[in-house]
Amino acid sequence: MKYIDLIFENKIIFTLFWVILILSFFKPWLFVNGLLIGSLYSLGAIGLSLIYGNLKFANMAHGDFMTLSAYVALTLLLFFFPNSEQSTSVGPFTFKYELLAVIPFAVILIGILAIVFDKLIFKKLRDLNATPAAMALTSLGVAVGLRGLIQFIWGTDSTSFPRESKLFWDLPFRIKIPPDMFFCSVVACILAFVFYYVLFRTTLGKAIRATSDNPDLAKITGINTNRIILYIWFIGGVLAATSGILISVQQALITPVMGWKILIPLFAAVIVGGIGNPIGALMGGLLIGITGELATGWINPSYKPAVYFLVLLIVLLLRPNGILGTKGRQF
Amino acid sequence: MNKDNTVLKANNISAGYGEQIIIRNINLNLYESCITTIIGPNGCGKSTFLKSISGIINPVEGKIEIYDNDVTDLNTFELSKIGLGYVPQSENIFPSLSVEDNLKMGGYILMRDQYKKNLEKVLEMFPDLKDKLSGSSSNLSGGQRQMLALSRALMLDPKIIMLDEPTAGLSPIIVDEVLENIISLKKSNLSILLVEQNAKKALTISDYGVVFSFGKKIMEDNASKILSDKEISKLYLGG
């Protein structure tokens, strides 16, 4: 209820809410598309927000972890199932059964890789008491390095998972939904729910929130914060990887720069929702997804990033800490 | 006071933040079931000393022993496992968690049965928290926060507890209540290291007193003797 109250407590957020509602009335298919795309953004944004909330820096490599996950999943698919091009696709979806089999492995691999990167780079910086700016710049270096590695290994051309063309679902009010997009959004929503459950209902989640609140106090209470940080990297990596794979399934496209490009809406979602607050990231992702898609009904789609920033600007002018952000407090 | 039973020995501790050394060559012993209070002006290094003992900051020099075991290089969370509890002066609860979850974090490393047992024990000691378990810890009053912070530290059943200004910012009635709690902790065989601005009251309930000034220990004696020392009284106890 407090999230709904929040919409009504501020006049301009309330106006923004009504503008979205009215625009959606004219072009409901764009609203539905935005909602589905927004759920994918949310998943990526939650991972980004989790790392920011605990490690206090903007991880610029998050997008490239997403890209890497798509390439790793594709490589695993082609290695273990070289004939997957000829196999049948899953029900009304364009992707093959074999992809579903390799996704968990790709996701776990990226989670482990995120831990390795922490051990090799970010842990050392933390031990040197590096500033958040230095950490963010280092992550930018990791991002550029990862992208270079991806281009070196897989080339610069775009590719995609083996697929079979399928019809869109025709719904009332001219709403047409690609089945893949629906599938990806459902998976994203389930994962967001699981993440919420882990964070707010399990002892591990509470330890993560405690570490985010006050790392020194967490250590004093007997929490091994170094281990908690590894869990955070793993969960962040898993969320980035899942989001990356789902986006490449939904767009039927894998390119070396896809993660980098998506970083703009992801950061917009994280900041709009309230930096470090995963529920805020979820709300921010949906808001950015919906407004971006709705805008394409009236303006050229290439201006979408400008719409993200406009929404960001409006929200920050009204709530400088984001929709659910509270000064000096995460989670 | 039984000086034969030393539970904690800090030998020649120097510590600070980065390049800046705040405390120099501090020696301090803590005795079983005793309250030792460190007094001194603001900025003399009392809190820094507690932080260096708890492992929040690493001493640049010196040795810390707990029950004759060298613990100088142990991490903060490892120290809590071996029975060292610490309640910092401020930000001593997790504001985003409920009261119950704060206590759960206090017993994070405990098995479920032991956790339940310790929770019951702590709630018996601080019954006011019972009604507030499901509420947000950020809604607690100053006194209740201190109670929660103390309860959280007691969840691991520590042998030694260090309290950094537990009465800071509290009303006089609540100050007395907190000091009563500290006395009852002593009665349950805990060794207590107390840092207090409210020096007179703290020394009144203490067995032993230590005076810090400009990062150095300038005096240590029985609390009653420090209380009756005219010069100390004039300089640090408000006359």
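Biologist: Which residues of α7(A) are buried in this predicted model?

Modeller: In α7(A), the buried ones are A:Asp180, A:Met181, A:Phe183, A:Cys184, A:Ser185, A:Ala188, A:Leu191, A:Ala192, A:Phe195 and A:Leu199.

Biologist: And what covers the buried residues of α7(A)?

Modeller: The cover includes α3 (28–55), β2 (175–177), α8 (203–213), α10 (225–251) and α12 (278–295), which belong to chain A.

Biologist: How do you know that the span of helix α7 of chain A agrees with its 23 residues?

Modeller: Take residues 179–201 at 1.5 Å a residue, and the helix should span 33 Å. Its end C-alpha atoms are 32 Å apart, so the two values agree.

Biologist: Let's move to A:Leu217. Where does A:Leu217 lie, and why is A:Leu217 called buried?

Modeller: You'll find A:Leu217 in helix α9 of chain A, residues 215–220. Buried takes 20 or more other C-beta atoms within 10 Å; A:Leu217 has 25, so A:Leu217 counts as buried.

Biologist: Which residues of chain B does A:Leu217 touch?

Modeller: A:Leu217 touches B:Pro88, B:Glu91, B:Asn92 and B:Phe94.

Biologist: How many residues of chain B are in contact with chain A?

Modeller: On chain B there are 22, and they meet 17 residues of chain A. On that side of chain B, α2 (76–81) and α3 (99–106) are the elements giving two or more residues. By kind, the side of chain B that touches chain A has 11 nonpolar, six polar and five charged residues.

Biologist: How far apart in space are A:Leu217 and A:Ile299?

Modeller: They are 50 Å apart, C-alpha to C-alpha, with a separation of 82 residues in sequence.

Notes
Residues numbered from 1 in each chain as written. Chains lettered and ligands numbered in written order. Predicted model: local features only at pLDDT ≥ 70, side-chain atom pairs only at ≥ 80, totals over all residues. Helix = DSSP H or I, 4+ residues; strand = E, 2+ residues; numbered from the N terminus. Expected span 1.5 Å × (residues − 1). Buried ≥ 20, exposed ≤ 12 C-beta atoms within 10 Å, placed from the backbone. Contact = placed C-beta atoms within 7 Å. Nonpolar A, V, L, I, M, F, W, Y, C, P; charged D, E, K, R; others polar. Lists of a residue's contacts leave out its neighbours within four places in sequence.
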